[in-house]
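Thanks for sending this one over. Here are my notes, point by point, for you to read alongside the model.

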Amino acid sequence: GENVEQHPSTLSVQEGDSAVIKCTYSDSASNYFPWYKQELGKGPQLIIDIRSNVGEKKDQRIAVTLNKTAKHFSLHITETQPEDSAVYFCAPNTGGFKTIFGAGTRLFVKA
Amino acid sequence: DTAVSQTPKYLVTQMGNDKSIKCEQNLGHDTMYWYKQDSKKFLKIMFSYNNKELIINETVPNRFSPKSPDKAHLNLHINSLELGDSAVYFCASGGGGLNTGELFFGEGSRLTVL
């Protein structure tokens with residue numbers, strides 16, 4: 001089965017700085033690479049995703065990069081704002097009915 | 001319109017009791033899930049259903065019994081509640097099989113067993 005590791009577990013940055021979270025997976029058949037954001041008291045929500053035929057995708061201040069050879073993908077947040085403070089999860093998927101989530105990264109953005 | 005809604009949002013109950021959580025999605029998805037999130041925020045899949053059929057049961061104790069009366073609903077009944085069942089339970093829909101894609105989550109149901 002898929003083994004997913006996410007680093008760091010906690011990240012604290014100053015407002016305006018960049019944040020990078022890395023996700024490593026084990027199953028080379030993974031073909032869908034999403035990142036979810038969970039705010040306090042809410043369910044996780046997709047913020048960006050990428051498929052295996054693309055190396056990078058950007059949406060305003062957030063971007064995802066994929067290295068299929070090394071089996072990892074990363075979330076990049078630039079110009080961080082206090083409202084970016086949340087828990088972020090990666091969830092690489094092979095196309096089955098069992099999505100395994102990383103352990104989560106708590107991001108704190110200090111104003 | 002709420003895409004995935006689950007009720008109740010909070011449950012507080014005594015050990016040994018039975019409780020149910022209901023989930024409904026209006027997104028037209030074939031696949032629905034139950035996830036358990038513990039105090040350290042680990043999100044662990046419990047069950048997945050596709051077209052009302054159980055596909056995944058992640059070694060969840062028999063005390064947990066999901067039921068899917070139709071594609072839009074997936075309910076979770078828990079018998080003989082234990083302290084370790086305290087967690088936030090999330091219903092989700094989407095993705096599944098060849099249609100790998102975004103999962104849509106409900107707001108969660110926080111279960112506290114005393």
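1. Charges in chain A come out even: 12 positive and 12 negative side chains, with the centres of the two sets 5 Å apart. Lys and Arg count as positive and Asp and Glu as negative, leaving out His and the chain ends; each charge is placed at NZ of Lys, CZ of Arg, CG of Asp or CD of Glu.

2. A word on the basis: this is a predicted model, where local features need pLDDT of at least 70, side-chain atom pairs count only at pLDDT 80 or more, and totals for chains, interfaces and linings use all residues. Residues are numbered from 1 along each chain as its sequence is written, chains are lettered from A and ligands numbered from 1 in the order written, and side-chain values use heavy atoms, without hydrogens and water.

3. Chain A has 0 helices and 10 strands (DSSP runs: H or I of at least four residues for helices, E of at least two for strands, numbered from the N terminus). The C-alpha trace of chain A spans about 40 × 30 × 20 Å along its principal axes.

4. Of the 111 residues in chain A, 44% are buried, meaning under 20% relative accessible area (1.4 Å probe, protein chains only).

5. Now the interface: 21 residues of chain A are in contact with 26 residues of chain B (heavy atoms within 4.5 Å). The area buried between the two chains is about 1900 Å², with 59% from carbon and sulfur atoms; buried area is the accessible area (1.4 Å probe) that two parts lose on being put together, summed over both. B:Lys41, B:Leu43 and B:Thr100 supply 29% of what chain B buries against chain A, more than any other three residues.

Technical notes. Buried means under 20% relative accessible area, exposed over 50%, partly exposed in between (1.4 Å probe, protein chains only).
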